[in-house]
Amino acid sequence: MSTPEADHSRDPCPIVILNDFGGAYAMGVIGGSIWHGIKGFRNSPYGERRIGALAAIKARAPVVGGNFGVWGGLFSFYDCSIKAIRKREDAWNAIMAGFCVGGSLAVRGGRKHMLNSAITCAIFLGILEGVGMMFQRYMAYANKPVPMPVPDQGGATPLGA
Amino acid sequence: MWLFGGSTKKEETAPAASAAADVPATAAPAAYDDTQLNISAFPVFDASKLHPLAGLDKDLEYLDLDEEKLNTVEGTGNGILPSRGWTDDLCYGTGTLYVSGLGLGGLVGLNEGLKHLPQGSVDPVTGAVKAAPFKLKLNTVLNQVTKHGPHVGNSAGVLGLLYNIIDSSLDAYRGRHDDLNSLASGALAGAIFKSTSGPKAMAYSTGLMTVAAAAWCGFKRMLN
């Protein structure tokens, strides 16, 4: 993490995997609570709507959280491993990590399924990285340094001219 | 090579440089000897001696950029990891509990799967015993692991999530972070977790989570 573009708001590599597991899990549980709460509420008969929402949240929100958590944690794990092997940080790390995650999650579906899933994940991560880069470039363009205004004094030659 | 970094390399090259500078001085005509600047008499530039206050003879120093961003609630900082605030506590707490639950549940599932391995079939005509194929056995074990692991992990993760959210809220409300908050949030998290299973289960879960929170507080004190 000594490259100048390293993100200092995150912890160093092996321990950050736990952080990502927890963050992704929490995101999944909270998002899943909202999603399945609304879904359970709408799909229940009148009079049982609140209890239906609660039952749906209880049954499904932790599962959504688990899916998110495993995805995020595995991604972080592969990202750290690839960083340690390649000793550099660029967009290819994320794409390769996405490829590995897709393959790992589909490991019980057979070789073809694994490859398909891995490629889908890698493309998804590639799009994500590309959008991030475009955004970064746009921000750099919008905040580019402005040349100093030339003082408007006729006759006086500027220094160094 | 870092220009002003270590002084060791400069000292190694210094004698060689002066020796090289000696050669033209001795080879020059004697008439020029008194007027010529004796190059070898110049001290070799050593960055650390030129500017001792700059501390250039030390190694690279790293700036601790995150120092001012650490948690500011009174009583924090005695955890295992430095915390940047409630989001760090939440992520690490939940993640640790989730991963350990996943691992423990996976072990339980492994045990279950190995206990209930598919038996071989006996041919009714010949009476020969045919062992179950390896893939079937592997599938049984994996099914059990993936059934128990996520279940335990999800429950532990939800408990950790509730505990950390309540703990951080109590910290912010009371303005300090101590064992009382931990115990209270453990009890509340346990109560909420079993809130739909009747008062008896709620009481059990509350008691268990309070004990777990107390154990965690004791563990932290033991480490410090």
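This is a predicted model: local features need pLDDT of at least 70, side-chain atom pairs count only at pLDDT 80 or more; totals for chains, interfaces and linings use all residues.
Residues are numbered from 1 along each chain as its sequence is written, chains are lettered from A in the order in which they are written, and side-chain values use heavy atoms, with hydrogens and water left out.

The buried residues of α6(B) include S205(B), M209(B), A213(B), C217(B) and K220(B); buried means under 20% relative accessible area, exposed over 50%, and partly exposed in between (1.4 Å probe, protein chains only). An α-helix has 3.6 residues a turn, so residues three or four places apart point the same way. The cover over the buried residues of α6(B) includes α4 (134–174) and α5 (179–193) of chain B.

G190(B) lies in helix α5 of chain B and is buried, at a relative accessible area of 0%. Apart from neighbours within four places in sequence, G190(B) is in contact with L159(B), S205(B), T206(B) and M209(B), where contact means heavy atoms within 4.5 Å. Its C-alpha atom is 12 Å from that of K200(B), 10 residues away along the chain.

**The interface of chain A and chain B**

| Item | Value |
|---|---|
| Residues in the contact | 21 residues from chain A, 24 residues from chain B |
| Area buried between chain A and chain B | about 1,900 Å² |
| Salt bridges between chain A and chain B | zero |
| Residue pairs in polar contact between chain A and chain B | seven (both at pLDDT 80 or more) |

Buried area is the accessible area (1.4 Å probe) that two parts lose on being put together, summed over both. Carbon and sulfur atoms give 64% of the area buried between the chains. A salt bridge is a side-chain nitrogen of Lys or Arg within 4 Å of a carboxyl oxygen of Asp or Glu. A polar contact is a pair of N or O atoms within 3.5 Å; within protein, one must be able to donate a hydrogen and the other to accept it, and residues adjacent in sequence count only if both atoms are side-chain atoms.

Methods:
Helices (H or I, at least four residues) and strands (E, at least two) are DSSP runs, numbered from the N terminus.
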